[in-house]
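Colleague: I have a new chain to learn from. Could we go through it together, one question at a time?

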Amino acid sequence: MNNAMLSEALGSVFADKLRVETAFGAVTAVVGADRLVATMRSLRDLPEFRFELLIDLCGVDYSAYGATSRGIAYSSSDATPAEPLARLHGGRFAAVYHLLSIAHNHRLRVR
């Protein structure tokens with residue numbers, strides 16, 4: 001299954017419950033916190049997906065996202081500039097799950 005087929009399958013099964021994005025060769029399913037557990041369970045249990053392995057789990061802090069110049073690296077929260085007035089996304093924090101389907105040999109990022 002390639003990325004286009006995975007995106008289409010996610011869209012048809014989950015319809016309005018999540019948003020599918022593809023960037024840099026990876027498919028991302030963006031799901032609300034209230035639907036996360038049910039969505040992850042479906043991604044594991046449905047035979048068309050079978051994401052049985054959690055590869056990575058990380059948190060993201062978007063406090064300075066889009067507010068910094070290229071080439072500037074901040075090393076601590078003390079150096080992080082004030083939050084931008086207009087956000088490019090819905091919230092400040094996000095949890096990101098990287099899943100692998102061994103059966104279908106495809107990967108999915110869930111945010």
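Colleague: In what order do the elements of the protein chain run from the N terminus on?

Modeller: This is a predicted model, so the elements are read from predicted coordinates. The protein chain has two helices and five strands. From the N terminus on, the order is α-β-β-α-β-β-β.

Colleague: Which element of the protein chain has the highest mean pLDDT?

Modeller: Start with the chain. Its mean pLDDT is 82, and 76% of its residues reach 70 or more. Among the elements, strand E1 (residues 18-23) has the lowest mean, 90. The highest mean, 96, belongs to helix H2 (residues 36-45).

Colleague: How are the planes of Phe14 and Phe49 arranged: stacked or edge-to-face?

Modeller: The structure holds two aromatic pairs. In the pair of Phe14 and Phe49, the ring centres lie 5.9 Å apart, and the planes meet at 25 degrees. Planes under 30 degrees apart count as stacked. Therefore this pair is stacked.

Colleague: How many residues apart in sequence are the parts that this pair ties together?

Modeller: Phe14 lies in helix H1 (residues 3-14). Phe49 lies in the loop between H2 and strand E3 (53-61). The pair therefore ties together parts whose separation in sequence is 35 residues.

Colleague: Which residues do the ring pairs link into a cluster?

Modeller: Take the pair of Phe49 and Phe51 as well. Their ring centres are 6.5 Å apart and their planes are at 15 degrees, so this pair is stacked. Phe49 takes part with Phe14 and with Phe51. The cluster is Phe14, Phe49 and Phe51.

Colleague: Is Phe51 buried or exposed?

Modeller: Buried means under 20% relative accessible area. Phe14 and Phe49 are buried, and Phe49 has a relative accessible area of 0%. Phe51 has 4% relative accessibility, so Phe51 counts as buried.

Colleague: What share of the residues in the protein chain is buried?

Modeller: Look at the whole chain now. The protein chain exposes about 7,400 Å², and carbon and sulfur atoms supply 53% of it. The chain has 111 residues, and the buried share is 28%.

Colleague: Among contacts between residues at least 6 apart in sequence, what share joins residues at least 24 apart?

Modeller: Contact here means heavy atoms within 4.5 Å. Count the contacts in the protein chain between residues at least 6 apart in sequence. The share that joins residues at least 24 apart is 62%.

Colleague: Which element gives the most to the lining of the largest pocket?

Modeller: The largest pocket has a volume of about 240 Å³. It is lined by 11 residues, and the closest to its centre are Glu21, Ala23, Thr28, Arg109 and Arg111. With three residues, the element that gives the most to the lining is E1.

Notes:
Residues are numbered from 1 along each chain as its sequence is written. This is a predicted model: local features need pLDDT of at least 70, side-chain atom pairs count only at pLDDT 80 or more; totals for chains, interfaces and linings use all residues. Side-chain values use heavy atoms; hydrogens and water are left out. Helices (H or I, at least four residues) and strands (E, at least two) are DSSP runs, numbered from the N terminus. Buried means under 20% relative accessible area, exposed over 50%, partly exposed in between (1.4 Å probe, protein chains only). Accessible areas come from the Shrake-Rupley method with a 1.4 Å probe; for residues, only the protein chains shown count as cover. pLDDT is the predictor's confidence in each residue, from 0 to 100. Rings of Phe, Tyr and Trp (its six-membered ring) pair if their centres lie within 6.5 Å; planes under 30 degrees apart count as stacked, over 60 as edge-to-face and the rest as tilted. On a 1 Å grid over the protein atoms alone, a cavity is a set of points where a 1.4 Å probe fits but cannot get out, and a pocket is an open set with protein on both sides within 12 Å along at least five of seven lines; lining residues have an atom within 4 Å of a point. Grid points are joined across faces, edges and corners, and a volume is the space filled by probe spheres set on the points.
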